[in-house]
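Welcome, and thanks for taking a look at this one with us. Here is a short tour of a few local features to follow along with.

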Amino acid sequence: MGAQPSTPAVAAGPADPEPASLVTLSVPDRAAMERLVASGADLTERVRPQADGSVQVDAVVTESQLEALRPLGATLASEAPQSPPQARAKAAAPQDQIVIERAVWYESRDGYFLSVEASSSAAQAADLTVSWRGKKGTSGQAEMVAYVDAGQYLGHQFSTPVPAGNQPQSITVTSAGGGQAEAKVRQWPDGDRPDRASRGYQKDFVTQYMTPAQLNERVKDLHRRYPKLTDLITLPYKTNGYRRHAQAVLGTPPAAAVVVTSDAYGSEGGNDLSVELVDPGAPDRPLQASLDGKLVTVSLATDASGALVSTAAQVAAAINAAAGLPVKASVYRTDPGAGVMAPAPATQLDDFLNAPADVSREPAEVLALRIGVHRDGSRTGVLAYSQEHAREWVTPLVSIEAAERLLRNYAGDKATRKLLERTDVFIVPVVNPDGANYSFYDFNSQRKNMTNHCPPQQSDPALRNQWGVDVNRNYAAGSVHDGYVGGSTNCQSGSYAGPAEHSEPESRNVMWLADTYRNIKFAMNVHSYGGYFMWPPGAYQAEGRVTLPRPTPEEEEFFLDSARTIEEAIVAERGTVIWPQQTGPVTDVLYSAAGNSADELWYDYGIYGWDFEVGADLWNSETRRWEPVGFQPPFSEGHQEAMEFAAGLISLIGIAADYRDR
Ligand SMILES: [Zn+2]
C-alpha cells in the first residue's frame, strides 16, 4: 500500500468511509505519542526517536483524523523541518557522569553499523556525542538522543544505528557538560550460530499472501499429508464471522438524516431490504412506517397545508416503534434530530462487504496445527500465533513456512528430527480471520476484528472502517481496565480493548490453548512491522510509569540470551539484523501495550512470551536513511521477511528442545 497522503474521494456519499493512508507522523516527544495513543490514533508498531528529541511513528489516518491530531502536536514527518542536531543549545549543559550501558557493532547486508546506549547523571539535560575508532583506520562521530518515556529518563541512544564503514572497536562518549566514558565495542547479536543446514534441507514454501481460507486449507493439507506428526485442532470459539448488518443512510447529512440498519446480517437477508420515505400528498397525515415484502415504507407526516413536518428523530422513532419491521433506525451522528426529512426514493440496504460470494459469511473456525512426534503433553510446548492484527499479511506466512519446514524436513534432516522428538508445537497462522478478510477485500489497513461494539450514534456505515476490537489489547494482564496505558475504551480507537477483558473469541482461543496444554512453555506472537524482538513487561500504569513486574535477572538473562540466538538465525537468511535497541521488553523498546497476549501468557501462565515485529527497516544507501516496509510490502519483500522470521521461529523451537525446567 502507498504511503502517500490520501486524496479525498470525489463525491463521496454519506455511507462512504473517508479514505485512510499509512503515513509517518512526527511528534515533539514520547509524551505526545502517548497522547496520540490515548486519543485513539491507529498507530503502527514502528516508532523511531529522532536526533532532535522528537519521535516519528507510523500511523493509519484519514485527513480529518490527521487534522484532529495536529493540536496534540502531530505533523506529517514529510512536512516537519529536519533540524540538524547541532542546532540544540549547548550553553547550559550541566556537569555530569556517564555510564556506557551497551556498545555494539553489527554487520548486516548493508555493511557495518554501530549502536550505543549510555546514560548521564544529568539525565535528559545531557548532550552526548559518541566518537569511535574501527578497523582499517575508520572513525566517526554521532549525536545521541535522550530517551524519555512517561516522564522517566531511560538513557541516551542513537535514533537509528549509525553506518560505520568498517568494524568499530572502541568508543568515547563525551558530554557537553564535561563527562566522558570509554568502552570497547562488542559484536551483536553474537548469539549461538545456527546449525549449518544439512544437505537437502527444504525451505521456501510460501508463494503469495494468503487469505484465511487459503491458510486453513494449507493447515488441513499439512495435516492430511503428515497425519503421524500432526493433529488438527479446531479452537473452541468461532469468530463472529465476516459479516455485517445491512445499512442505508436516508436524507442529507450533516442535518436531517437517518441511519437504517437491518436486524439480520446482510448475508442473511439484510441486503435484500429497501427503505423509502414518501410524501403522502395530502394534509394532516400521520407519520407511519410499514412493511410490504422487503420494502420498508415511511409515510411522512404533513400539516394542515400539506407540508412535510417529520423530523429525523421522529422518523427514527416511528421505524423503531412499528411492529414487525426487520430494521432499526437512529438519527445520523451529526444531526441533532430536529431537521425535517425530505422524501427519499427506495434505497436498498447494503452490508458494504466486497469479498466474492465464495468467502464464507459464517462464524469462522480458527485452526491450530499441532506438530511433534510425541503430542501427549510430555514434551516442551511452543505456541506460535500470528495475525492478531488483520493487516499484517506477512505474519501468517512466517508460521506456515515454519510448519512446512518442520514437517518436510523431518524425514531427511537430523536437527529437525530432534526438534520434533523433543517439542510439541502449536501453530495458529491466523488468529483474526474476519479482520483478515476485511483487510484483503475491503480496507487493507484494518487492524482489529470486525465486531462493532459502538452505540448507534457511532454506527453509521461511513465509520465502518473504525469498528472492531484490537485483539492484542483484549487480554487480561495489565489491561486498560486495570489502569494500564496503551489500550483504549473508545470503540472507534485503533487500540480499542473491547467492552471487557476476553470479550472476543479471538483472544479466548489463544488463552484456551495456554489453559488446555499446560506443557506450553514458550510462545511467539508474530506481528509486523518494524523489526523488533520483545518480551514482557509490555505495559505500565501512567502514574509513575509503574510497569508490570520485571522478570528476575535470571529470567531476563534467559530472554536476552535466547533472543540473541534467535536473531542469529534471522541474520543468517539475508543479513537482516534486529537492532539491539529494538531487542528487549516491550515497554522499553516500543511503548506500553495494555492487555497484550504475551503479558498474559507470561504473568498468568509462566510462559516465556515473545513478540516478533517482522519487517525490519530497509537501509537506503542513496539517502542514507532507514525506510519502513509497511504492512503489505510487495510480495518479494514479504517473502524474504517470512523466510527470515520462520528461521527465527525454528530457532526458538530449538531453544525449547534444549530447555529443562529449572
Ligand atoms: Zn500487530
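**Arg375 and its surroundings**

In this predicted model, Arg375 touches Pro227, Lys228, Leu229, Thr230, Asp231, Arg370 and Asp424, leaving aside residues up to four places away in sequence. From there, the tour moves on to a pocket and to a helix that helps line that pocket, α9.

- Arg375 sits in the loop that runs between β23 (367-371) and β24 (380-386).
- A polar atom of the Arg375 side chain lies 2.7 Å from the backbone oxygen of Gly372.

**The second largest pocket**

- This pocket has a volume of about 950 Å³.
- By residue type, the lining of the second largest pocket holds 13 charged, 12 nonpolar and 6 polar residues.
- With 7 residues, α9 provides the largest share of the lining.

**Helix α9**

- The 22 residues of α9 reach 32 Å from the first C-alpha to the last, close to the 32 Å expected at 1.5 Å a residue.
- Buried residues of α9 include Phe558, Phe559, Ile566, Ile570 and Val571, as well as Glu567, Glu568 and Arg574.

Note on methods: Residues are numbered from 1 along each chain as its sequence is written. This is a predicted model: local features need pLDDT of at least 70, side-chain atom pairs count only at pLDDT 80 or more; totals for chains, interfaces and linings use all residues. Side-chain values use heavy atoms; hydrogens and water are left out. On a 1 Å grid over the protein atoms alone, a cavity is a set of points where a 1.4 Å probe fits but cannot get out, and a pocket is an open set with protein on both sides within 12 Å along at least five of seven lines; lining residues have an atom within 4 Å of a point. Grid points are joined across faces, edges and corners, and a volume is the space filled by probe spheres set on the points. Helices (H or I, at least four residues) and strands (E, at least two) are DSSP runs, numbered from the N terminus. Ala, Val, Leu, Ile, Met, Phe, Trp, Tyr, Cys and Pro count as nonpolar, Asp, Glu, Lys and Arg as charged, and the others, Gly among them, as polar. A polar contact is a pair of N or O atoms within 3.5 Å; within protein, one must be able to donate a hydrogen and the other to accept it, and residues adjacent in sequence count only if both atoms are side-chain atoms. Contact means heavy atoms within 4.5 Å. The expected span of a helix is 1.5 Å times one less than its number of residues. Buried means under 20% relative accessible area, exposed over 50%, partly exposed in between (1.4 Å probe, protein chains only).
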